[in-house]
Amino acid sequence: MSKKRIYQAKPITLGRAVAYGLPDLMGGGAFTIIGAFLLYFFTTFAGLNAIQGATIIGIARIVDAVTSLVMGSLTDNFYRTRLGQRFGRRHFFLTIGAPLMFAYVLMWIPNMAFLYYLVVYLLSEIIAAFVLIPWETLPTEMCKDYASRTKLSSARMFISAAGTFMATFVPGQVIRLLGENNASAYFINALIFAAIFAAAIFITNMNTWEREVTEEMIAEFNKRPKLNPIQTVQKEIKDYLSTLRIRSFRKHLAIYLFSFTGKDVFNTIFAYFVVSCLGLTVTDSANILSLSFVGIFVTIGAGVLMVKKGPKFLFLSAYSLMLLMLVAFYAVFQLRPENMLMWLLGIGLVYQIGRATLEFTPWNVFPLIPDLDELLTKQHREGIFAAVMTFVRKSTVAVAIFAVGVIL
């Protein structure tokens, strides 16, 4: 990859926006598969109980959350290194991340030890953070105007919706073809998605760019005093905490935190709800979740409403739909109507409309927040803000999923 190409800005066309958004096949896909099937795989094919499975997920998420914080600072400052100057402070991690996607398949080998699953899941989460944190900064790197950033974020959420659909529909079909009790179905599914994730990251790496490091940035860095390791850690903590001085970011963080944690808990328990409470199959659960395909179309309308109505309208619409559908799922459990699966499919479709709207909104707001910080600090700290968002989400999800495992 030439240095010139990395820093050469181009118009944000539809094709380039789609190329930027492709890694959210992993963001929307891998995490959906993990949320919907991993704990079920652990308790059904790996010989673990629910507490052991939830413990693995919880520990890995906490370690990954800390990794995300480290990654935010690392990618912001990677321009100081020769590798960062040669490959880009964001793009270097995309370059090495693409082939590492195949580590994802190691989680889906049956009948291994508790420690094995813990280590490979830790590895997969850390690799994901090494790719997603730098990638999430690219809208701020690639352009400055609101319309272009909305185009990038809209393309990203369109791809995320496609990834979420694939991550529920494809596993359901693989399980249906190979059998409900065949552990190989989960491994083959993981291999398919690992190849897709690797290709997506490679394409993004070749079709995106970042801002060139300026003389002013270098001069600012050279003015900073040299720190020992303890002082460096103290400074990093101070930098992360400093993001909370921006009131808009605090509010944004709280909305994002509670919304996505609730959504992930729903995905984690849904297979158990369908199989254990309603007497249906894992394939039925996957087919209901695969109605997330509607998000592909929702993101188009949400992009228009984002410009015309703003994020508050989208949040209120999303919450209303999702909460009503949770009540409807409970009503099906209590009433046991005829054609239960058809009722679940209808409710699931409306739920996925709300979910897609909810997922679309925070990441369209986020690219504007580092601009506010730049006005105050005169620094480009997109990576730190992306890391803080990832940290708080993964930390709370770790606690929530562990609680789900204990309750189960």
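This report describes the cavities, a pocket, a surface patch and selected residues of a predicted model.

The cavity count comes to 5 at a threshold of 30 Å³ or more. The largest cavity holds about 470 Å³ of space. Its lining comprises 34 residues, and those nearest the centre are Gly-27, Phe-31, Phe-260, Lys-263 and Arg-393. Two or more lining residues come from each of helix H3 (24–45), helix H7 (114–136), H9, H13, helix H17 (340–365) and H19. By residue class, the lining of the largest cavity divides into 12 nonpolar, 12 polar and 10 charged residues.

The second largest cavity has a volume of about 130 Å³. A set of 15 residues lines this space, with Met-26, Ala-30, Tyr-104, Ser-124 and Ala-128 nearest its centre. H3 and H7 each contribute at least two residues to the lining of the second largest cavity. The largest share, 5 residues, is supplied by H7. Here the residue classes are 13 nonpolar, 1 polar and 1 charged.

## The second largest pocket

H13 accounts for the largest share of the lining of the second largest pocket, with 7 residues.

## Nonpolar surface patch

A nonpolar patch on the surface is formed by Phe-102, Leu-177, Leu-178, Phe-187, Ile-188, Leu-191 and Ile-192. Together these residues present about 590 Å² of accessible area. Helix H9 (146–178) and helix H10 (184–207) each supply at least two residues of the patch, and H10 gives the most, with 4 residues.

Leu-177, one of the patch residues, is located in helix H9. Its relative accessibility is 62%, so Leu-177 counts as exposed under the criterion of over 50%.

Thr-164 and Phe-313 are 149 residues apart along the chain, and their C-alpha atoms are separated by 23 Å.

## Loop residues with positive phi

Asn-111 has a phi near 60 degrees, a positive value in a residue other than glycine. Its place is in the loop between helix H6 (91–100) and H7. With a relative accessible area of 62%, Asn-111 is exposed.

Asn-339 likewise has a positive phi, near 55 degrees, and is a residue other than glycine. Where does Asn-339 lie? Asn-339 is in the loop between H16 and H17. The relative accessible area of Asn-339 is 58%, and the residue is therefore classed as exposed, the cut-off being over 50%.

How values were computed
Residues numbered from 1 in each chain as written. Predicted model: local features only at pLDDT ≥ 70, side-chain atom pairs only at ≥ 80, totals over all residues. Heavy atoms only, no water. Patch = residues over 30% accessible without salt bridge, like charges linked within 9 Å, V, L, I, M, F, W, Y side chains within 5 Å. Areas by Shrake-Rupley, 256 points an atom, 1.4 Å probe, with all protein chains shown as cover. Salt bridge = Lys/Arg side-chain N within 4 Å of Asp/Glu carboxyl O. Buried < 20%, exposed > 50% of the residue type's maximum accessible area, 1.4 Å probe, protein only. 1 Å grid on protein atoms, 1.4 Å probe; cavity = no way out; pocket = protein on both sides within 12 Å on 5 of 7 lines; lining within 4 Å. Points joined across faces, edges and corners; volume = space filled by probe spheres on them. Nonpolar A, V, L, I, M, F, W, Y, C, P; charged D, E, K, R; others polar.
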